[in-house]
Amino acid sequence: MTLLIGALTLGLILALLALGVYVSFRIFNIPDMTAEGSVTLGASVAAAFMVHGQNAVLATAAAAAAGTVAGAITGILATKCRINALLSGILVMTGLYSVNLHVMGRSNLPLLEVKTLATFAEEFGTRVFGPADFDVAGWAVSVRDASVLLSVLIFVVVICLLLYLFFRTDMGTAMRATGDSPDMIRALGVSVDRATIFGLAMSNGLIALCGAMIAQYQGFADVQMGIGMVVLGIASVIIGEALVGSRAVGLLITGTVMGSVLFRMLVAIALRWGLSPNDLKLITAVFVFAALVLPNLAGRLKANQTRRRALAKVA
């Protein structure tokens with residue numbers, strides 16, 4: 001049960017990463033490699049702030065702001081400097097590696113002796129529910145695990161609602177139209193460059209927020225923790241799209257969160273079956289491959305069945 005709750009909690013935290021990747025990858029059609037640096041940037045900034053005595057809420061907000069700046073720099077390189085968007089992300093990601101080392105002062109920064117958001121959630125849960133463990137279907141669940149899971153769930157729901165409401169505003173609609181048809185939106189007087197910069201800034205702000213929360217949940221920030229995060233986020237988005245089967249914004253946001261949680265659950269199940277933690281990257285690659293191939297395969301099979309039925313009716 002502890003493994004299940006941990007997978008659910010981490011899946012919900014990584015949903016923030018998936019939502020950020022959704023903005024860059026699906027709204028603007030940009031596979032933004034900045035994400036791998038922004039995750040670590042968020043974790044390192046939050047950790048550095050808390051180690052130096054700052055409040056966890058302020059540290060988390062500073063982490064999100066730092067990610068926003070990183071995304072804006074990528075957008076400026078792609079739009080104003082006319083550098084390929086993928087290459088712009090790689091350039092910023094590469095530079096962020098050194099930035100993160102300078103922010104933390106070393107490659108790994110533990111948070112065991114500072115108060116994090118996870119600590120606050122645990123203290124609040126203890127005051128409300130008491131120190132005793134829960135009994136869920138015969139399984140003992142600690143108050144800390146349950147409190148952190150509930151807090152993360154509420155936080156992610158609020159972020160999803162804010163993101164949905166934003167995409168229904170004029171600015172949000174213009175951003176979505178920029179990704180679909182930049183020439184049309186430019187003809188309507190909207191600055192494509194500004195929309196792209198703002199979108200990438202918002203995307204990396206969410207991703208850095210994810211990094212800050214991962215660091216506080218796991219109890220440390222590490223300079224290598226962002227490796228492979230872009231692939232994970234894209235896989236979550238694709239799985240979510242396959243789950244909801246709709247292009248509506250609200251359903252896509254919900255599906256992205258569901259895809260992130262399902263992805264982490266699959267990884268947890270694979271580890272539970274006895275696979276080594278050293279195989280985690282291989283497991284992730286296999287699941288991403290399945291997420292990329294299976295929806296297309298299912299679509300082809302459905303199209304073939306439809307074609308056969310049409311031919312049968314003609315015959």
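This is a predicted model: local features need pLDDT of at least 70, side-chain atom pairs count only at pLDDT 80 or more; totals for chains, interfaces and linings use all residues.
Student: How many residues does α5 have, and what does it reach from its first C-alpha to its last?

Tutor: Helix α5 has 13 residues and reaches 18 Å, close to the 18 Å expected at 1.5 Å a residue.

Student: Which residues of α5 are buried?

Tutor: Ala 118, Ala 121 and Gly 125 are buried in α5. They cover an arc of only 60° around the axis, which puts them on the same side of α5. An α-helix has 3.6 residues a turn, so residues three or four places apart point the same way.

Student: What covers those buried residues of α5?

Tutor: The cover includes α6 and α9 (192-218).

Student: And what does the face of α5 turned away from the buried side carry?

Tutor: That face carries the exposed residues Phe 124 and Arg 127. Phe 124 also belongs to a nonpolar surface patch of about 930 Å², whose other members include Val 128, Phe 129 and Val 158.

Student: Which elements give two or more residues to that nonpolar patch?

Tutor: They are α5 (117-129) and α6 (143-167). Helix α6 gives the most, with 7 residues. One of the patch residues is Val 158, found in α6 and partly exposed at 40% relative accessibility.

Student: Going back to the ends of α5, where is Thr 116, and is Thr 116 buried or exposed?

Tutor: Thr 116 is in the loop between β1 (108-110) and α5, and counts as buried at 4% relative accessibility. Leaving aside neighbours within four places in sequence, Thr 116 is in contact with Met 50, Ala 56, Leu 111 and Gln 216. After α5 comes Gly 130, whose phi is positive, near 90°.

Student: Changing topic, how many salt bridges does the structure hold?

Tutor: The structure holds 4 salt bridges. In one of them, the side chain of Asp 193 meets that of Lys 80 (3.8 Å, N to O). Asp 193 lies in helix α9 and Lys 80 in the loop between α3 (56-79) and α4 (85-104), so this pair ties together parts that are 113 residues apart in sequence.

Student: What other salt bridge does Asp 193 form?

Tutor: The side chain of Asp 193 also meets that of Arg 82 in a salt bridge (3.6 Å, N to O). This pair ties together parts that are 111 residues apart in sequence, because Arg 82 lies in the loop between α3 and α4 while Asp 193 lies in α9.

Student: Which of these residues are buried, and which are exposed?

Tutor: Asp 193 is buried, with a relative accessible area of 16%. Lys 80 is exposed at 52%, and Arg 82 is exposed at 61%.

Key
Residues are numbered from 1 along each chain as its sequence is written. Side-chain values use heavy atoms; hydrogens and water are left out. Patches are made of residues with over 30% relative accessible area and no salt bridge: like charges are joined within 9 Å, nonpolar side chains (Val, Leu, Ile, Met, Phe, Trp, Tyr) within 5 Å. Accessible areas come from the Shrake-Rupley method with a 1.4 Å probe; for residues, only the protein chains shown count as cover. Helices (H or I, at least four residues) and strands (E, at least two) are DSSP runs, numbered from the N terminus. Buried means under 20% relative accessible area, exposed over 50%, partly exposed in between (1.4 Å probe, protein chains only). Contact means heavy atoms within 4.5 Å. The expected span of a helix is 1.5 Å times one less than its number of residues. The arc is that of the directions from the helix axis to the C-beta atoms.
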